[in-house]
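Dear colleague,

I am passing on the structure below, and would be glad if you could look through it alongside the notes that follow.

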Amino acid sequence: MIDLDGAGVEVSGPDGTRTILHPVTLRLAEHRIGVIGANGSGKSTLARLLNGLTQPTSGHVQVDGLDTRRDGPAVRRRVGFVFTNPSAQLVMPTAVEDVGLSLRRVEKDARRRRAAALQVLEQHGLVDKADVSVHALSGGQKQLLALAGVLATEPDVVVADEPTTLLDLRNTRLVADRLFGMRQQLVLVTHDLDLVQRCERVLVVEDGRVVHDGQAAGAVAFYRDRELSR
Ligand SMILES: Nc1ncnc2c1ncn2[C@@H]1O[C@H](COP(=O)(O)OP(=O)(O)OP(=O)(O)O)[C@@H](O)[C@H]1O
């Protein structure tokens, strides 16, 4: 359960202070939550607040009662984050080493860690890529590997910021099926208005404000109307 309590984000620049997310109070409890909105509307800022990648400059964000500012490491163990570009996430030379890196906190012994990483790759259909350079993987395989690394540590929530934007149709389906098939709560930022229909609740963000919050069909209709009349 994630609670935003008057959480807002201001940034300072050469022209003074700018609000990129106006204070918002929300309780995110549904299993599948979508976030849609135009470029630059504030979706990533909202997503990054949920695991402390961005800190609110007003209000608080809590995950199961843990404050993202005060209890950062504990929050990040609960909330995994998937980026648009998996290369931002894959930092080790090979797939098995990359998953191993995610597991280093839970398994200290190198041999057992490799065995556990291979098991994770097996679960994600990537075991044949274990010792392949991550650079040699396709975009879709990279994103599946990034997601495998996040799920390896068994978070309770996965926040995914446009995870399919760089993928073709087939890989979009593969990654989406993996995201919607997992047990974890999902908060999905996306421009894919078909994909977001799979969410039970959808937030629409516009100019740094959550302007609509409801079921997917209504949210998508609201967003289309607003954007096409701007
Ligand atoms: N650290 C920062 N400093 C200054 N401005 C920022 C910062 N982070 C975001 N912004 C600005 O805040 C606004 C919202 O950005 P954000 O990335 O949250 O939008 P978004 O809806 O995710 O956009 P997109 O769909 O293009 O990814 C943008 O105008 C962006 O340039």
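**Helix packing around α3 and α5**

Helix α3 passes helix α5 in a right-handed crossing, where right-handed means that the near helix is turned clockwise from the far one by less than a right angle, and left-handed that it is turned anticlockwise. Helices here are DSSP runs of H or I with at least four residues, and strands are runs of E with at least two, numbered from the N terminus.

Please bear in mind that this is a predicted model, in which local features need pLDDT of at least 70 and side-chain atom pairs count only at pLDDT 80 or more, while totals for chains, interfaces and linings use all residues. Residues are numbered from 1 along each chain as its sequence is written. The protein chain has a mean pLDDT (the predictor's confidence in each residue, from 0 to 100) of 96, with 100% of its residues at 70 or more, and the predictor gives the complex an ipTM of 0.95 and a pTM of 0.95.

Ala 95, Asp 98, Val 99, Ser 102 and Leu 103 of α3 meet Leu 145, Ala 148, Gly 149 and Ala 152 of α5, contact requiring C-beta atoms, placed from the backbone, within 7 Å.

With helix α4 (residues 110-123), α3 packs at an angle of about 110°, and the axes lie 8 Å apart, so α3 and α4 are roughly perpendicular to each other. On the α3 side the contact is made by Ala 95, Val 96, Val 99, Gly 100 and Leu 103, and the α4 residues include Arg 113, Arg 114 and Leu 121.

Helix α5 also packs with helix α6 (residues 169-181), at an angle of about 10° and with axes 9 Å apart, and this pair is therefore roughly parallel. Gly 139, Gly 140, Gln 143, Leu 144 and Leu 147 of α5 make the contact with Asn 171, Leu 174, Val 175 and Arg 178 of α6.

Best regards

Technical notes: Two residues are in contact if their C-beta atoms, placed from the backbone, lie within 7 Å. Axes are lines fitted to C-alpha atoms, for helices over the stretch in contact, and angles run from 0 to 180 degrees between N-to-C directions. Angles under 35 degrees count as roughly parallel, over 145 as roughly antiparallel, 65 to 115 as roughly perpendicular and the rest as oblique.
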